[in-house]
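Q: Please take a close look at one part of this model, the place where the two chains meet. I would like one connected account of that part.

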Amino acid sequence: MSERPLDERIDELVVGLADEAETEALEALCARDPAVAARVERARLRYGALDDTADTLEIPATLWTRIAGALDAPVETAARVRENVVDLSTVRRQATRWRATALSGVAAALLLAVMLGWVLMATPQPSVIAVLLDAGGAPVALVEGSVDNTTRVTLLERAQVPDDRVMQVWTKPDDDGPPVSLGLLAEGNSRTLSLPGFPPPHANQLYEITYEPLGGSPTNLPTGPIHGVGQAQAPVY
Amino acid sequence: MTVARSCETSQHLTASGPITYLASADADVPCRKGTCDTVTDHASLLQACASGDRSALKTLLDAEGGRMLGVARRMLRRQDLAEDATQESFVLIWRRAGQYDPQRGSARAWIYTILRNRCLTLLRNAGREELLDPAALETASDSATLETAYHRLDLTNDLRQCLETLEPDKRMAILSSYVLGYSHGEIAGRMGAPLGSVKAWVRRGLLKLRECLS
């Protein structure tokens, strides 16, 4: 299929003849390559004139009520995604409170060291492992997820992160749900991340690292180029 | 995983009252009703949606909902399903508004892509035959819908001019996929032709159209 001319594949996508797998493949291609996205956009605009040939129907009075009702309906996964947003103002307030206490920097550092040690020692055996591959198929990171939702991310090469970007780790706890941020690799180094409140990772769960604006994705969904992506497997012990 | 670029700017709402997002000379600046062109500025509305402004979604529904319902009705051919598809599309537009990037394309095309994908998914999942009452299955009414769509295209429109250069049955096959959501299999079924040859034949039509349009 993929040996067919890209223009032909794009046309079939736009007129609605592409099947689901092909649609996903092309959408992934668009996300990686703005030039492809621009070609798809051009094709959409060409055919878009046909949308304007449909009748303009009267909007039923109930439609807005139905839409607004659906917006109000709780979306479990989306709500959890929002909980996962780091509110910087809260963090700053907490930092001020820290300073306000009599704890010296040394004591705080000691506490952090102890906590870090505890977190590292307490990390159980991974229940899933994913090898993330870059666009060329080369392995760039190893992801080990544990039942307690700690996720060890080991970078397998020094990533060429643009100066104004940071690596952000994502997963899809629910295959059909939105991607959820596991956290940032702000230093560009390997890290253990924790994501409480989600079901334990499962085989075939998707993991991804993208380059996001500093501070992380502004939409809390992946927006940037993909560093690596892979599906988890359950290791055999 | 859906990856889309975000829009990094958001609309700032003033405290002095609701703002209607209408196009102006400077499309980035929202303006009050009556002070500028009455063309809806879809991009600003999407940005307002991304920042949580529900009135922007309502404005979008008022401006575009009737046409979207028409597009959905044409593909799904049932008023209740068309309303469902339009409703679901507006919920998706609200949820994904933050992923729309004005740098990457037209806001209106982005909105219609969501709607068309929603309709196609409904068609493919349910199976067209299940969706339809037998009376609507008349091929004749499909042809009439396609003829209407074709003739409503402006004569100066590039797509119209290029469609005109195609043989009528190729033209109708391509129109039936875009306008009615026909799959390759459905086109083959209606024509009584083998699937493989219909695929190749439609591709030749698309190629000719592409060459004409470029």
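**The interface of chain A and chain B**

A: In this predicted model, Asp52(A) forms a salt bridge with Arg67(B), and their closest N and O atoms lie 3.8 Å apart. That distance counts because the cut-off for such a pair is 4 Å. Across the interface of chain A and chain B, ten salt bridges are found. Polar contacts join 23 residue pairs across this interface, with both residues at pLDDT 80 or more.

On the side of chain A that touches chain B, the elements giving two or more residues are the helices α1 (6-15), α2 (20-32), α3 (34-48) and α4 (61-72), together with the strands β4 (165-171) and β7 (206-213) of chain A. The residues on this side of chain A comprise 31 nonpolar, 19 charged and eight polar ones.

As for extent, 58 residues from chain A and 63 residues from chain B take part in the contact. The size of an interface is often expressed as the accessible area lost when the parts come together. Between chain A and chain B, about 5,400 Å² is buried, and carbon and sulfur atoms give 60% of that area.

Confidence in chain B should be read alongside this. The average pLDDT of chain B is 80, and 75% of its residues score at least 70. Helix α2 (residues 54-76) of chain B has the highest confidence in that chain, at a mean of 96, while helix α5 (residues 128-131) of chain B has the lowest, at 57. Residues 1-37 of chain B have pLDDT below 50, yet this stretch has 88 contacts in the model beyond near neighbours in sequence.

Note on methods. Residues numbered from 1 in each chain as written. Chains lettered and ligands numbered in written order. Predicted model: local features only at pLDDT ≥ 70, side-chain atom pairs only at ≥ 80, totals over all residues. Heavy atoms only, no water. Contact = heavy atoms within 4.5 Å. Buried area = accessible area lost by both parts, 1.4 Å probe. Salt bridge = Lys/Arg side-chain N within 4 Å of Asp/Glu carboxyl O. Polar contact = N/O pair within 3.5 Å; in protein donor to acceptor, adjacent residues only side chain to side chain. Helix = DSSP H or I, 4+ residues; strand = E, 2+ residues; numbered from the N terminus. Nonpolar A, V, L, I, M, F, W, Y, C, P; charged D, E, K, R; others polar. pLDDT = per-residue confidence, 0-100.
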